[in-house]
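Trainee: Could you take me through one part of this model closely, as a single connected account?

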Amino acid sequence: MGWKTINRSRYYYRSRRENGRVRTEYVGSGQAAELIATLDLSDREERQAEREAERAEREAAEREERELADWFGRVEAVAEAALIAAGFHRHNRGEWRRRRDGQDEHTPGQI
């Protein structure tokens, strides 16, 4: 909430969340209140800096994860092409198996 002026006097109030509700707490007036307001501002700035650092770290981790997933996709495509060229196929989209007698999957006359 911050500073509130009543009858030309300034009073410092602080708002905090308690059990899902916002509670307003009277802190004081004068120099003591100014010092507490300065400390509260410093705490807010510190928490904001921590949040920004955590966000930057999270974004960097996500970027690394995307790069790794892209790299893995390319490696997987190369490996799949090599296996197909070597005469393998995927059985029911699962494990790789060598084709029998070098035949294609669906040759005419086979069911």
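Mentor: β2 (9-18) and β3 (21-28) run antiparallel to each other and are paired over seven bridges, where pairing requires at least two DSSP bridges and strands are DSSP E runs of at least two residues, helices H or I runs of at least four. This is a predicted model, in which local features need pLDDT of at least 70 and side-chain atom pairs pLDDT 80 or more, while totals for chains, interfaces and linings use all residues. Numbering starts from 1 along each chain as its sequence is written, and side-chain values use heavy atoms, without hydrogens or water.

Within the β2-β3 pairing, Tyr-12 stands opposite Gly-28 of β3, and the two strands form a hairpin with two residues between them, Asn-19 in the turn having a positive phi of about 55°. β2 also pairs with β1, again in the antiparallel sense, over five bridges, with Gly-2 opposite Tyr-13 of β2; the β1-β2 hairpin likewise has two residues between its strands, and Asn-7 in that turn has a positive phi of about 50°.

Asp-40 lies in helix α1, residues 30-85, and counts as buried because its relative accessibility is 14%, under the 20% limit. Beyond its neighbours within four places in sequence, Asp-40 is in contact (heavy atoms within 4.5 Å) with Tyr-12 and Arg-14. Ala-33 and Ala-37 of α1 are buried too, and the buried residues of this helix pack against β1, β2 and β3.

How values were computed
Buried means under 20% relative accessible area, exposed over 50%, partly exposed in between (1.4 Å probe, protein chains only).
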